[in-house]
Every structure is written in C-alpha cells, then in structure tokens.
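Dear colleague,

I am passing on the structure we spoke about, with the sequence alongside. My notes on what was found follow below it, and I would be glad if you read them with the coordinates open.

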Amino acid sequence: MENDERLVFLVEKLKELDNSYFDEFYELTKKLVYYICYSIVKRHADAEDLLQETYLDFLKHIKRVNTNKPIIAYILRIARNKSLNFIKKHKRIEISENLDIVDNTQIEKIEDSELVETMKKILNTNEFEVVIMHVVLEMKHREIALVLKKPLGTITYIYK
C-alpha cells in the first residue's frame, strides 16, 4: 500500500489519543477492510456491521499496534478473524441467493455484479478471498500472504 508511512503517522497520533486523525485513517483503509469482510460473509449488510466492529476493536487495542509491522495487515487480520467468527457463530454453510446489491460508492471497482456472483459460485471461499484481495484491492501476493498468514507459494497457487 502506497500510504504505509501515512498510516504509521496516523496510528501514532491515535495512540496519543488524538482522535481527530481517525477519519483519515478510516478513509485510507475502509475499502480494504470492507472487501475482506465481504469476501468472507458475502453479504453487504453483514460486511458493513463487521467493518464497524473491526474499527472498534482496532481502536480498543490501539496501544498494542506495532508500527514497525504493516498496519494494514494488522487491521485486515482483525477483519478476517471477525468475519470468520461471524460465519461460525451463524453457521452459514450455504450463502443465500438473495444477496444485497452493493451500491457503487462502496464498491467502485466491482462494476459487474454478475461477475461477482459467478465467481462466488465457481470459487471456494479461499479462492474468492484471494482473487478479491489481488484483483479488486490490488494487493500483492506477498501482502495477501501476510494478511492470511499463509506461505507466499500457497497464495500464488490459490490465485492460479
């Protein structure tokens, strides 16, 4: 992510309890967090709720954030874990066909919802998550490996 230095600065300010920097931090990271949640739960409303919960947890534990490590990986890991816990809690084995239609302001890069629907039908959860992170979020395989805590070779294999 190009804004790594800015994220470090913002997190340092948030650690000092200067919440005036939160809006900028949120704007720089919200799409990535939303896409991670959406790629797992596959419902707009649930992804929105998990997005908010992720930021609440992030702020609750802001003092623990190590700014020497990728901040985006830390917050995406929170989002991923929250989403997986949500799936376990609600025992969502089959995803409903009546998925919410996501408006363009929240997902600007996904222009064709039919493509996303087809991807969800064809790809398993891991494959869908990696494709969304790589293609839509424009994350590098190395960054995806960090977030998912999987070897780089596994990520490239899943993507291919």
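The protein has 8 helices and 0 strands, so that its pattern, read along the sequence, is α-α-α-α-α-α-α-α. Please keep in mind throughout that this is a predicted model. Among the contacts with a separation of 6 or more, 62% are accounted for by residues 24 or more positions apart.

The largest nonpolar core has 48 residues, and the members that touch the most other members are F25, V33, Y55, F58, L76, M133 and M139. Two or more residues are given to this core by each of α1, α2, α3, α4, α5 (113-122), α6 (125-136), α7 (141-148) and α8 (152-159), while the largest share, 12 residues, comes from α2.

Aromatic rings deserve a separate look. A search of the whole structure finds 9 aromatic pairs; one of them joins F25 and F58, whose rings are stacked, with 5.0 Å from centre to centre and 10 degrees between the planes. This pair links distant parts of the chain, since F25 lies in helix α2 (residues 22-41) and F58 in helix α3 (residues 44-60), 33 residues apart. F25 is buried, with a relative accessible area of 0%, and F58 is likewise buried, also with a relative accessible area of 0%. Ring pairs also link F22, F25, Y26, Y55, F58 and Y74 into a cluster. Leaving aside residues up to four places away in sequence, Y55 touches F22, F25, Y26, T29, K30, V33 and I75.

Helix α1, with 12 residues, reaches 16 Å from its first C-alpha to its last, close to the 16 Å expected at 1.5 Å a residue. The buried residues of α1 are L7, L10, V11, L14 and K15. Because they cover an arc of only 140 degrees around the axis, these residues are on the same side of α1. In general, an α-helix has 3.6 residues a turn, so residues three or four places apart point the same way. The cover over the buried residues of α1 includes α2, α3 and α4 (71-90). After α1 comes L17, whose phi is positive, near 65 degrees.

R6 has its place in helix α1 (residues 4-15), and with a relative accessible area of 32% it is partly exposed. Not counting residues up to four places away in sequence, R6 touches Y21, E24 and L28. R6 and E24 are 18 residues apart in sequence, and their C-alpha atoms are 9.6 Å apart in space.

With best regards

Methods:
Residues numbered from 1 in each chain as written. Predicted model: local features only at pLDDT ≥ 70, side-chain atom pairs only at ≥ 80, totals over all residues. Heavy atoms only, no water. Phe/Tyr/Trp six-rings, centres within 6.5 Å; stacked < 30°, edge-to-face > 60°. Helix = DSSP H or I, 4+ residues; strand = E, 2+ residues; numbered from the N terminus. Buried < 20%, exposed > 50% of the residue type's maximum accessible area, 1.4 Å probe, protein only. Contact = heavy atoms within 4.5 Å. Expected span 1.5 Å × (residues − 1). Arc of directions from axis to C-beta. Core = buried A, V, L, I, M, F, W, Y, C linked by side-chain atoms within 4.5 Å.
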